[in-house]
Amino acid sequence: MKIVREAMAGTLESSDVMVRIAPAEGPEHDLLIASSVEKQFGAAIRSTLLQVLEHYGVPPVQVIVDDKGALDCVLRARLETALMRASESAVLPWEERLENVK
């Protein structure tokens with residue numbers, strides 16, 4: 001997934017997260033994390049960001065996270081939304097999960 005412009009998703013409300021993404025130069029992702037729960041969950045936040053970026057095959061980008069105590073699923077959703085906006089994708093890459101198919 002190629003990032004062609006800056007984009008953001010989320011809010012600064014309690015239990016939410018604002019994610020900003022922009023193209024970056026360099027060999028690796030530039031993650032800037034500001035979180036009210038960074039001491040307890042900073043490593044988990046970083047891990048989630050890297051997992052999502054790897055899953056979508058994103059080349060090195062700058063990700064700025066302003067977390068207000070969001071759950072992991074909210075962080076993933078906000079990052080995915082920012083990625084879709086930044087890549088100007090017309091189609092969302094939804095996955096079919098086998099456990100949900102009957």
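Modeller: Here is the sheet, strand by strand, and then the helices.

The model is predicted, so local features need pLDDT of at least 70 and side-chain atom pairs pLDDT 80 or more, while totals for chains, interfaces and linings use all residues. Residues are numbered from 1 along each chain as its sequence is written, and side-chain values use heavy atoms, without hydrogens and water.

The open sheet has 4 strands in the order E1-E2-E4-E3, with mixed pairing. Strands are DSSP runs of E, at least two residues; helices are runs of H or I, at least four; both are numbered from the N terminus. Two strands pair if DSSP finds at least two bridges between them. E1 (7–9) and E3 are the edges; each has a single partner strand, so one side of each lacks a neighbour in the sheet. The twist averages 10 degrees from one strand to the next.

E1 runs antiparallel to E2 (residues 17–23), joined by 3 bridges. Ala7 has Ile21 of E2 as its bridge partner. H1 packs on the sheet and touches E2, E3 and E4. Contact means heavy atoms within 4.5 Å. The direction of H1 makes about 145 degrees with that of E3. Axes are lines fitted to C-alpha atoms, for helices over the stretch in contact; angles run from 0 to 180 degrees between N-to-C directions. Helix H2 (residues 72–87) touches E1, E2 and E4, at about 35 degrees to E2.

E3 and E4 (residues 61–67) run parallel, with 6 bridges. Leu32 has Ile64 of E4 as its bridge partner.
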